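My notes are below the picture.

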Amino acid sequence: MSQVFLGVESSISGRRWTGPDANLDRQSQMITQETEFPPAMSNVLARLGIGAQQSILFTQPSLRDLMPNPMNLKDMEKAANRINYAVNKSQRIAIFADYDVDGATSGALLHDWLTQLGNTPTLYVPDRIDEGYGPNDKAMQTLAKSHELIICVDCGTLSHGPINAVAGTDVIILDHHLGDETLPSALAIVNPNRQDEAGDLHYLCAAGVVFLTLAAVNSLRRTENMQTPDLLAMLDLVALGTVADVAPLVGFNRALVRQGLKIMAKRERVGLMALSDIAKLNTAPSTYHLGYLLGPRINAGGRIGKADLGIRLLTCKEPHEANSIAEKLNQLNDERRAVEATVQLQAMEQAEQREINGALVWAAGEGWHPGVVGIVASRLKETTNRPVVVIGLDGDEGKGSGRSISGIDLGSSIATLVKEGLLIKGGGHKMAAGLSVKREKLEQAMSRLTELLEKQGADKVRARDLRLDGALNPSAITVELLEQLETVGPFGAGAPGPRFVLPFMRIAFAKRAGEAHLRLTLVDDSGSRIDAIAFGAFKTNLGAALENHKGQIFHIAGRLEIDTWNGRMRPKLTLEDAALVS
């Protein structure tokens, strides 16, 4: 059980600080004794549940060691054999991909693999507004007329009607969304979240499922002494899809992302290079860059622009075209942020009029763009620490997205509402879901969803604590230490990054950066210093408290990183919270 850290029951931002308890301290000490890792690194390993004997191997994750047997997934053998047959017979293949980053990376991965074998597939991405999520009758029937095989990626598991409507063309589904008790009549459905799966790989996103499928096909082709594309060179796509889809960075996912970041750093994919440049990514990519710089831009096309822009960028081979698409996506991302800000303000006002301390926070508004409701739901979830559903109403129906918190399964509750007839359709996974609802049933559906989430204890979750991995003095924060901490990563969903406290600090320098940020220089009693930046500090009371510090002493909490400037590397702190020392 985490305990109050440095006695901070309520920080400047109103959060309770928690740190390692006695049990984690003991585990950390054992790791340090066994490995000679620095205590700060051992603290993080202990918090992630890594024992002393596992620690050295954990810091060196290997695809070879963590790679599951793809054939253990149901329908994998049928899917692998059918894809291999289609390639060998030069059959016409269509890829039906979802419009988000996971769909784009999954489709691009499959496209790359096929084109290297001389088979150029048709790419189809549905329009979010006109067609909605997943396969639809018209698109599938049109594709079936001119293709022998349709492969649906990041969608299809719940698309019974559209899949059943296809005649004379085989359909393979490579997905990760929660399956129903019955499945569509596809030739093969490879999905670790089918109800008849064991669940060992439930954390994979669609890009991970596609990677395993192609690994299975490569294995078949090697037994026949046939050409096999280099899947490892395509791990940049898998890493991007995994991080952007907020899949937990555990098990095999961790190795995929770690190796994928190394591939991306080589800057060999034309589209990602163009997008990285326009996003001003001038350092080696990290999970932060994938989740907050590249992912949102690729998503922008599917949210408020042309749905296939993301996958076109990722499959593009010509630099001029890539730059043009990247510029368009960047522009759409700016437009998306403006729309999002308006909807977020209205949604929060509406949610506060209801109850933001209950099991569900929800809001529905006239004309809210379907492309931003998911992002707004994420923002409100972060603010309230509750499951959130945000719905855009248009005519007699509403389309919405939901985001959940750790320990609360939103996807299964949405599936229950579909079975009960309260939703037109809906689906997803534990942490995220989409839905469509009749306006007349909106209140009833949200009331029932609240009831289901209450049974999971969503209303008992308290305001989020700030979890800390220990305290460090500036003199102990070196580039070498931060490089060692990076070996415990990558960090993200399911594996939060390290966060430390710098105790008893004075503010030697403070200056606003833009309208909302604050740059600082912190110093301790020994004179050791470290530079820091507090992003968005003036959106809360944190900025004013630190800017008008009056020489007071603070405990400072945040994330450490290596700042590279003019070839010089030095530690830097991203300040997230502070507590006044009384």
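The entries follow in the order in which I looked things up.

**Ground rules.** I am working with a predicted model, where local features need pLDDT of at least 70, side-chain atom pairs count only at pLDDT 80 or more, and totals for chains, interfaces and linings use all residues. Residues are numbered from 1 along each chain as its sequence is written, and side-chain values use heavy atoms, with hydrogens and water left out.

**Entry 1: T287.** I looked up T287 and found it in helix α13, residues 287-304. Helices here are DSSP runs of H or I with at least four residues, numbered from the N terminus. T287 has a relative accessible area of 15%, so I noted it as buried (buried is under 20%, exposed over 50%, partly exposed in between, with a 1.4 Å probe and protein chains only). Leaving aside residues up to four places away in sequence, T287 touches V243, L249, V257, L261, P490 and F491; contact means heavy atoms within 4.5 Å.

**Entry 2: aromatic pairs.** I searched the whole structure and got 3 aromatic pairs. Rings of Phe, Tyr and Trp (its six-membered ring) pair if their centres lie within 6.5 Å; planes under 30 degrees apart are stacked, over 60 edge-to-face, and the rest tilted. F211 and F252 make a tilted pair, 6.2 Å centre to centre with 50 degrees between the planes. F211 sits in helix α9 (residues 206-223) and F252 in helix α11 (residues 251-265), so this pair ties together parts 41 residues apart in sequence. F211 is buried at 4% relative accessible area, and F252 is buried at 1%.

Y288 and Y292 are stacked, at 5.2 Å centre to centre and 25 degrees between the planes. They are 4 residues apart in helix α13, which means about one helical turn separates them. Y288 is partly exposed at 47%, while Y292 is exposed at 59%.

**Entry 3: charges over rings.** I counted a charge as over a ring if NZ of Lys or CZ of Arg is within 6 Å of the ring centre and within 35 degrees of the ring normal. R254 lies over the face of F58, 3.6 Å from the ring centre. R512 lies over the face of F538, at 3.7 Å.

**Entry 4: a helix pair.** How do α17 and α18 pack? Helix α17 (residues 410-419) and helix α18 (residues 442-455) pack at about 135 degrees, with axes 10 Å apart. From α17, L410, S413, I414, T416 and L417 meet A445, R448, L449, L452 and L453 of α18.

Technical notes
Helices (H or I, at least four residues) and strands (E, at least two) are DSSP runs, numbered from the N terminus. Axes are lines fitted to C-alpha atoms, for helices over the stretch in contact, and angles run from 0 to 180 degrees between N-to-C directions.
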